[in-house]
Amino acid sequence: MKRYHCAVELAVDVIGGKWKPVILAHLKEGVHRYGELRRRMPDVSEKMLTQHLRELEADGLVHRESREGRVPHVEYRLTDEGERLRPALEALYDWGTRRAADQGITFEPLPIH
C-alpha cells in the first residue's frame, strides 16, 4: 500500500492531473454518455479520456454502466464516494470563475451537436 504524508497528497494522487477533475466536474452535473463527455472536453484525446475514466472507475469514484437498446451505449455517473467530492468540485468551480473574472479570461462555448 502506498504511503502518504498528507491528506492533500492522497487526494491529488487520486483526482489530480489536468483531466480527472474536469471529468468529475461534468459528472457532478449528472449522468453522461462517453460522447457527451468528449464534446464537453474537446481538447482531451479519446485515449486519455478512456484511461482517466477507467482509473476513476477503479478508484471507486465513477460508475460505468452499459445500456442495451436500439442503440447500445455506455453511461458514466458519480458513485457515492464520487459524490463526496461535490463540495470540493464546486469550490474549484467557484474559484475558477472568480479568477477568470479577475483576469479577464473568457471561456469558449462548447460545440453544439
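This is a predicted model: local features need pLDDT of at least 70, side-chain atom pairs count only at pLDDT 80 or more; totals for chains, interfaces and linings use all residues.
Residues are numbered from 1 along each chain as its sequence is written, and side-chain values use heavy atoms, without hydrogens and water.

Now switch to cartoon view. The protein chain has six helices and three strands, in the order α-α-β-α-α-β-β-α-α. These are DSSP runs numbered from the N terminus: helices are H or I with at least four residues, strands E with at least two. Of the 113 residues, 25% count as buried (under 20% relative accessible area; exposed is over 50%, partly exposed in between; 1.4 Å probe, protein chains only).

Next, select residues 46–58. This is helix α4, with 13 residues. From first C-alpha to last, α4 reaches 18 Å, close to the 18 Å expected at 1.5 Å a residue (1.5 Å times one less than its number of residues).

Which residues of α4 are buried? Pick Leu49, His52, Leu53 and Leu56. Look down the axis of α4: these buried residues fall within an arc of 100 degrees, so they line one face of the helix. The arc uses directions from the helix axis to the C-beta atoms.

Show their neighbors. The buried residues of α4 pack against α1 (7–15), α2 (20–27), α3 (34–40), β2 (62–67) and β3 (73–78).

Turn to the other side of α4. Lys47, Arg54 and Ala58 are exposed there.

Finally, step just past α4 to Gly60, which takes a positive phi of about 80 degrees.

Terms used
Contact means heavy atoms within 4.5 Å.
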